Each structure stands twice: as C-alpha cells, then as structure tokens.
Amino acid sequence: MASGLRVLLLTGLAAAATGCSVFGRDNPPLEDAGASAPVISPDVERREIKTPKIDSEDFEITGFVGLLSVEDFGSNTVYGARIAYHVTEGLFLEGTYAQTGDVDETSVEVLDNIDLLGSDRKYSYYDLAVGWNIFPGEVFIGKNHAFNSALYVLAGAGNTTFAGDDFFTLTFGAGYRVLATDSIALHFDVRDHLFDNDVTGEDKTTHNIEFGLGLSWFF
Amino acid sequence: MRHFILIAALVFVPLVTPAYGKTGHYEAVVAEPFLELHTGPGRGFPVFHVVDRGEQIEVVKRRTDWFQVRTARGVEGWVKLDQMAETLDTAGKPTALDDPTAEDYAGRRWEAGLQMGDLDGANVISMYGGYHFTRNFSVELQLGDVSGDFSNGWIATASIVHQPFPEWRVSPYATLGTGVLHIEPQATLVQSEDRTDQIAHVGVGLRTYLTKRFMLRTEYNSYLTFSSRDDNEELDEWLAGFAFFF
C-alpha cells in the first residue's frame, strides 16, 4: 500500500514538473519577447530564379519520295514518312512507313492481257531499323558555305503488304544526310527490301530496291 | 507612306528585337580555363573557337551528347557533354545535365522496346511498354505482328514481370501473362477461316544494360493457346531487341 502511494505521489510530482516546464515555454518573460522582435524588419524581395531547360533535339521526322523497283512489277513512285531517334552521335533507331500507288504490270500481264494481282496492286511496308553514322563530316559549297553531313548505313526488319499478303521483310541500306540548317536536313537513301514471296507462281526471294529523297526536321 | 513605315516600325520593331538577356535559353559560365567549340555535333568535327574562363554562353540546344552554344560575341558552335558539365549556371552552381547512368537504370519507372524473332516458325516483330512498380516487379503490354509462310496475324499480351536482381548489368527476369492470338491463313492457300484464340504464357528473359537509356533484351516465351478445336496448341517464341527506359 505504502509503495503504491509512493508511486502515485512520484507520478504526481513528475506530472507537475513537466507541467511547469510546459507553462514556462508557453509564457516567456516579457523582456525575451522584446529582444526577439527585430528593430528593422528587412524588406527583401526574393528573386525566383527559373533556369530555362535545355532544348533537346534527338528526334528527326522525315518525309520522302522516291522510286521503288518492285521485283517483276516495274519501278514505282513511293512516298513515306520516317521517324528517327538519335541515341548517340553515331547510333540511331528509326521507323518507316511507305507506300506506292498501283504497281506496274509485269511483261506477262501486258503480253497475255491478264491480271495477276487484281485489286491488290498497292505495295506498302513498315520497318524498324538501327542506323550508324559511319562517316560524319562537312560539305563545302563554294568558299563561304559549310554544311554538316553524314553517310550512314542501316539494317532493319519489317512487314510488307503486297498482292493481298503480308511478308516479313529485311531492309539494308545506306544514306547521306546533309544538314541545311541546324534543324533541317536533306536525305538521299538507297535501300534494299528483301522478302520471300510466290506472287508469280514460284517461291523466291525478291529484292526491291528503293531510291529516296527526303526532307527532315529535328525536334 | 512615310507615316505608315514609321508606325509599322514602332509597332513591330519591339516585337522582333529580343530584349538583352531574355532569350529564354539556358545560360552558363565557363569555369574551366577554356571551353572548346566544335563545328558540328560529333567527335570528328574540328575545334574552331575557344571561350575563356568567366565568359557567359547561351545554350541553344542539345543533340545527343553535344550542346550548341552561342557566345556573347555571337559565335555558335558545339560543345561536348563532359566539357559542358564543367560549366556553372548563372547562380554559380554546376550545370545540371541529364545523363542517365546505371543507377537511373536500376530505378527506372517506364520502359519500352522493339523486338523481333520467331514464333513457332513464323517471323514476329513486337513492341512493348512496361511500368515498374518496384525495382523487382513490373507489368508489360506487348503487341506483335506475326508473318509466316502459311499465315499472318497478330499477338497481344499483358504480363507481370519479376526481375530478382535489378542491379545486375545482365539481369534475368521471368514473365507470366495472358492475351490473344489472331491468325489469318494466307490468301494463296485454300479458303480457311481466320481465328482468334485466347493464350496464356510463361517466359524467361535477359536484360542487358548498354549505355545511357538503352538496354538489350532477349526472351523466350512458351504459349498455350486455348482453341475451340480438340487440342490446345503449344507455341514457342524467341525474341531479341532493343529497349530504352524513361
């Protein structure tokens, strides 16, 4: 009983002590309040510094027209679009979509007056490729103008839609890029699109060579 | 006429004349003894100008690891990332440049990539996007374009991915998911119906961190198709490709 009472008293004492210290903090002596108030309140206008972000231009969008030699079906005008992402100064990844109008007739179609493809005469493809700027450099026009340029090679794979079917297609090519300004470039490309088909009746690997002239914009 | 020109000049000149120092470009101060300007954004382009310590430059744009800068005298050239990183901003702090490292790779949130390979004898080109909830666990959506000798089609799957050792440079992972496979027999074959089947898959793969934001990815998936025909079909898929994180 006695020990219980002692505990109770000690608890009460401890509570009183903490209470006192709390009160002490709540009501500071008057002279303290006077000291903490500044004599002159500084009126500093905080300048908010906003650092502009550095504009990155690693993407390049290209529109192009060219000639596509569709094996057995003549040379055809092709037009398409391409988007590239430049990973490093050498390496880039790109995706392309392009299509032709109705392809030309084969000699068989012309001579025998038959139609091999019916309504599926359009050739279209998409591909994804990895490119490498192997020879970067500058071209000089006259003595006052220098333009940055690069010769690049690329390889990729994609899908071709032709003659009512889809064909897995490998693409190899090389191109030349000349930067007219820091953001606008001219491209000249030569690409070979390879795929197996049986459109003419026998299974064979066809090479479809494309020449393209493009205009691109970096953003 | 003269009045018109005068009024036009008064109205338009302030619009086209940039106020000094308000170009909106990042401004930096050269802190090392000098900063080299190249004629183009690549290691082969020659140095044609140097900017001395203490001079201010304006950073016009960035292309891969090169920065196009303009000096106070109006000279424009390209500076390499490692030299740019040694400049200070106008407040005197080092220029902060976005240069992803292996550490950023381990803590990545989003990743996307392109892969190609073989789905049971047919060629497949696929793209995927993934979100990482933790360093070990992510979800992915994958869409593939399938083209075979006898049929074409597409495959779409959603999977959960577990990567037990995210900090390894070459790091294995396991996937488990479900989706649909759509097959269209080729036009030159006898008439046969298109079909869409539900599929489930398990797979294993390997991510290899390359550099910057890039990694290589190779994977193997085993698909089980739940077709309406008598037997369920099993398909093997091998893929390899590029991926990047952001």
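In the predicted model described here, the centres of domain 1 and domain 2 of chain B, taken over C-alpha atoms, are separated by 43 Å. Domain 1 covers residues 25-97 and domain 2 covers residues 104-245 of chain B, with bounds that come from an automatic or database domain assignment. Because the model is predicted, local features need pLDDT of at least 70 and side-chain atom pairs count only at pLDDT 80 or more, whereas totals for chains, interfaces and linings use all residues. Residues are numbered from 1 along each chain as its sequence is written, while chains are lettered from A and ligands numbered from 1 in the order in which they are written.

Chain B contains three helices and 15 strands; helices (H or I, at least four residues) and strands (E, at least two) are DSSP runs, numbered from the N terminus. Strands 8-9-10-11-12-13-14-15 of chain B form a closed barrel of eight strands with antiparallel pairing, two strands being paired if DSSP finds at least two bridges between them. On average, neighbouring strands of this sheet are turned by 25° against each other, direction ignored; the axes are lines fitted to C-alpha atoms, for helices over the stretch in contact, and angles run from 0 to 180 degrees between N-to-C directions. Within chain B, strand 10 (residues 137-147) and strand 11 (residues 151-162) run antiparallel and are joined by eleven bridges. Ser138(B) has Val161(B) in strand 11 as its bridge partner.

Of the 246 residues of chain B, 29% are buried. A residue is buried if 20 or more other C-beta atoms lie within 10 Å of its own, exposed if 12 or fewer, and partly exposed in between, with C-beta atoms placed from the backbone. Gly77(B), in strand 6 (residues 76-80) of chain B, counts as buried because it has 24 C-beta neighbours inside 10 Å. Neighbours within four places in sequence aside, Gly77(B) is in contact with Leu37(B), His38(B), Thr39(B), Phe48(B), His49(B) and Val69(B); contact requires that the C-beta atoms of two residues, placed from the backbone, lie within 7 Å. Gly77(B) and Gly148(B) are 71 residues apart in sequence, and 50 Å lie between their C-alpha atoms.

The largest nonpolar core has 18 residues, of which Val124(B) and Val146(B) touch the most other members. Such a core is a set of buried Ala, Val, Leu, Ile, Met, Phe, Trp, Tyr and Cys residues joined through C-beta atoms within 7 Å. Two or more residues of this core come from each of strand 4 and strand 5 of chain A and strand 8 (110-119), strand 9 (122-132) and strand 12 (170-185) of chain B. Not counting residues up to four places away in sequence, the residues that Val124(B) touches include Met116(B), Leu119(B), Val146(B) and Glu237(B).

Between the chains, 29 residues of chain A are in contact with 33 residues of chain B. At least two residues of this side of chain A are supplied by each of strand 4 (122-141), strand 5 (145-162) and strand 6 (165-179) of chain A.

Two loop residues have a positive phi. Asn113(A), with phi near 55°, is placed in the loop between helix 3 (107-112) and strand 4 of chain A. Asn113(A) is exposed because 8 other C-beta atoms lie within 10 Å. Asp120(B), whose phi is about 50°, is found in the loop between strand 8 and strand 9 of chain B. Asp120(B) counts as partly exposed, with 14 C-beta neighbours inside 10 Å.
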